[in-house]
Every structure is written in C-alpha cells, then in structure tokens.
Amino acid sequence: MNDQPVDATTAYSFLPQVSVVVPIYNGEIDLPDLLSCLLSQTYPKERVEYLLVDNNSSDRTLSILKAAAENSLIAIHPLSENQIQSSYAARNTGIRAATGEIVVFTDADCRPQPQWLEALIQPFVNAEVVIVAGEIVALPGKTLLEQHADREATLSQKHTLGNSFRPYGQTANLAIRRIALEKAGLFRPYLTSGGDADICWRILGENIGRLEFAPEAIVQHRHRTTFKELQKQWRRYGCSNRYLNELYGVELMREITVKECGYRLARWLLKEVPKDIKQAIAGEATLVDILNTPIGLFNVRARTAGQREAKLPENAKIIEWL
C-alpha cells in the first residue's frame, strides 16, 4: 500500500467508467437517504451507473428502485437476485450487469459523502492498483452503544487493512478493477460472512496488482443501537474468523475463558470504575468511558461464540466467474 506520486494533470483527467453495485434486502427505509447520497456525487454523472440489486426483499424495495430509475438524474439500474439469499450473490448479479472498468461496492445502510467516488477512483490512475478501500466512519449516534463503537472505530478500514495475514477492504466501501474480477473470480455466493476478505485475498494472491487506501473516500455507516444487534454483529465477525481459517488457514482468535472474564470484571469494578467516576465528576470522562470494559467483553464473548459454533458450509467454497 505504498503511495506513489501521480502527475496532477493525469489524475485530473482520469475519469474511467464506473459501476456502483449495492445489494439491498428490505431497504425501503434506507433508500431515500442512499439515493440522495448517490445523486450528490461529484464524479461526472455520465461516467457512472448504479446497479441496485434487490435480494428478494419482502418490502417495497424493488418498486422504489424501479420508480427511482424512471425519475432520477443519474443512471439507476434496478436488478433482482432471487435465487440465493446472500449479499455476495446479489453483488455478483450486479457485477455481471456492470459495464464499467471499475466496480465499486457499498451497502444500502451506508451514506457515501459527495466526493466519495471521486476520491475512491483516483488511486486507479496507477496501473498497479487493482483494489482501493475507502474509509468508513460512523453516522452521528446518541446511544451508549453507538458512542462506544465510535470511540473504538469499530467499522474503520484500519482494522482490516492491518490484518496480519493479508490486508483487505470491507465491501461497505471498496472498489476493484473489472480485470481483477475476471482473473480471480467473483464473490463466493453461498458465503455468509468474510466474503470481502476472501475476494481481496484471492486477487492479491494472484499477484494481479496491489491494494491502496483512500482515506478521503468516505462513507458513513450507522452503528448498532441494541445489545441484540451488537451480539449479532460480533458473532458474525467470529463466523468470519472460522470461515477464513478453513479457507486460508489464518489463525483463530484466542478464546477468552469465563475465569478471564470474571477477573477483568472484578478489576473493572474495583479499579477502573472508581477512577472513571472521579474523572467523570471532574468532567474528564463519560458513561461510555465507565462502561468500556464490560461492553468490550460482551463483544469478545459474542465473537468467540460465533467462531466456536460456525462451520464453513461445503457450498460456500464455490466461486462464481464472469
């Protein structure tokens, strides 16, 4: 991920055709904001197509997409993936319909900022770059769990780009050259988690090119607001660990024992809480600071459970091709 100087004139004139693929499942609540964000992009409208793929929704998602396509000032193409209930299968449907040199991915609950595409595409001016990951930041949140996740930068690409096996970008904000997808294959359609790491690792493993980080290509994403949602999120992370372990042999996260949890909680109660309360009285700490340890342990336990209970389905090994 080395930065190399690029001639300013060349970068300014570099405007490849771009296809933005968004898988959507029951997204009618998110669609108005998402469509508004896509309409606000500074990248030339005539150089972008938006392939919005309904993944067998039971709400009004598809009808909203069709109406938007008829009335929008940007090129919106509504698609459907009804055979496989999977965001990766939906992305593959979008890729197959894409005509752009660069295929970009984001999600229905993301809010791309106006210069998102412009910043995400520019690193491709270097022919060696085949994957670009943009940054993911939190939408303003008011709840305790949202504030905790924001403090920990839970969704930031810095975690995945720093992966000890190989770097990868999350599909909430990712761009890939079409030629790389032709050579390394599409997403595994039956995989339920970890598909972003898998597709990046297959491309990088083929030595097709390198991955670049575009920190100014920003999408906002909402953090979980309930413990049920938070547990589901971290269990999915654990499942991803297990799947990638079976596919690539990457190390599993060490499981935290009940005894270790008990020790950490006792230390929190006896040492951290009194200290944090004093700081809170002085205006130097908040409730998020005080509850940081138990929320963190909750997340780790959920991830451990997901990793322990998951098993890679045989059909999840299937790779689709263009």
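I take buried as under 20% relative accessible area, exposed as over 50%, and partly exposed as in between, with a 1.4 Å probe and protein chains only. I keep in mind that this is a predicted model, in which local features need pLDDT of at least 70, side-chain atom pairs count only at pLDDT 80 or more, and totals for chains, interfaces and linings use all residues. Residues are numbered from 1 along each chain as its sequence is written, and side-chain values use heavy atoms, with hydrogens and water left out.

Entry one, the aromatic pairs. I found 8 of them in the structure, where rings of Phe, Tyr and Trp (its six-membered ring) pair if their centres lie within 6.5 Å, with planes under 30 degrees apart counted as stacked, over 60 as edge-to-face and the rest as tilted. One of them is the tilted pair of F165 and Y248, at 5.9 Å centre to centre and 55 degrees between the planes. This pair links distant parts of the chain, since F165 lies in the loop between α7 and β7 while Y248 lies in helix α10, 83 residues apart. F165 is partly exposed, with a relative accessible area of 35%. I also noted that F165, Y168, W201 and Y248 form one aromatic cluster.

I take helices (H or I, at least four residues) and strands (E, at least two) as DSSP runs, numbered from the N terminus. Because 8 of the 11 residues of α4 (residues 87–97) are buried, the helix is largely enclosed by the rest of the structure; among the buried residues are Y88, R91 and I95.
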